[in-house]
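Subject: Structure handover

Hello,

Here is the structure I promised you. Please open it first, then read my notes below.

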Amino acid sequence: MELTVIQNLIYEIRGQKVMIDRDLAEMYGVETRVLIQSIKRNIDRFPNDFMFQLTENEFQNWRSQIVMSKSIKMGLRRRPYVFTELGVAMLSSVLNSKTAIQINMSIMRAFVFVRNILSNPPIDKVSELQKEVKEMKNYMEEVFADYNDINEDTRVQLELINQSLAELQVHKEAITRPRKSIGYIQQANKK
């Protein structure tokens, strides 16, 4: 059986990944009642963390979910039993046929695949690129802020240099300007 088909038959109920008795019976090629009878004959192998029956409320909520097609849910007259990954593994010891063993291996692979997807979600290339662009933008903002700080420092230094040059120019003009004589100036005799 295809892995994706099995993955589509894994539901989350009570925070656990489970499979419904009806789906398992169909996969194993037995009637649901035969599957349940086999389990009831070996009930000590199926504690609550391996298998449980849906409550009436859970059953109604599950039946009303939009994501499932009505044909899958309709026809269920009783609250189904659901099996966790451990319960599905235990089914192989109860249903001891070659088909059951092969189907069980496929189901276990599907559970492992789903668990791996949940624990290691695939890397979203778009979000990875967005993250890198954001990091680059932050870096560039820091560089421009540093550049502006350097620019500001340079501008202040240039203003100080210009001010010093202006003061030196004023001082040079003061030194090179001809001085007025102080005191009595003799005029040349006019004839």
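**The core and the helices around it**

The largest nonpolar core holds 35 residues. Those with the most contacts inside it are Ile 13, Met 19, Leu 24, Tyr 28, Phe 83 and Ile 107. Helix α7 (residues 98–119) gives the most to this core, with 6 residues. A nonpolar core here is a set of buried Ala, Val, Leu, Ile, Met, Phe, Trp, Tyr and Cys residues joined through side-chain atoms within 4.5 Å. Buried means under 20% relative accessible area, exposed means over 50%, and partly exposed is in between (1.4 Å probe, protein chains only). Helices (H or I, at least four residues) and strands (E, at least two) are DSSP runs, numbered from the N terminus.

Before you go on, note that this is a predicted model: local features need pLDDT of at least 70, side-chain atom pairs count only at pLDDT 80 or more, and totals for chains, interfaces and linings use all residues. Residues are numbered from 1 along each chain as its sequence is written, and side-chain values use heavy atoms, with hydrogens and water left out.

Start with Leu 24. Leaving aside residues up to four places away in sequence, Leu 24 touches Met 19, Leu 35, Phe 83, Val 88, Leu 91 and Ile 107. Contact means heavy atoms within 4.5 Å.

Next, helix α2 (residues 21–28). Of its 8 residues, 6 are buried, so α2 is largely enclosed by the rest of the structure. The buried ones are Asp 21, Asp 23, Leu 24, Ala 25, Met 27 and Tyr 28. Gly 29 follows α2 and has a positive phi, near 75 degrees.

How do α2 and α7 pack? Their angle is about 130 degrees and their axes are 9 Å apart. They are therefore oblique to each other. From α2, the contact uses Leu 24, Met 27 and Tyr 28. From α7, it uses Thr 99, Ala 100, Ile 103, Asn 104 and Ile 107. These residues divide into 6 nonpolar, 2 polar and no charged.

Ile 101 also lies in α7. At 37% relative accessibility, Ile 101 counts as partly exposed.

Last, helix α6 (residues 85–94). Its buried residues are Glu 85, Gly 87, Val 88, Leu 91 and Val 94. They cover an arc of only 165 degrees around the axis, which puts them on the same side of α6. They pack against β2 (16–20), α2, α3 (32–41), β4 (81–83) and α7.

Best wishes

How values were computed:
Axes fitted to C-alpha atoms, helices over the stretch in contact; angles between N-to-C directions. Parallel < 35°, antiparallel > 145°, perpendicular 65-115°, else oblique. Nonpolar A, V, L, I, M, F, W, Y, C, P; charged D, E, K, R; others polar. Arc of directions from axis to C-beta.
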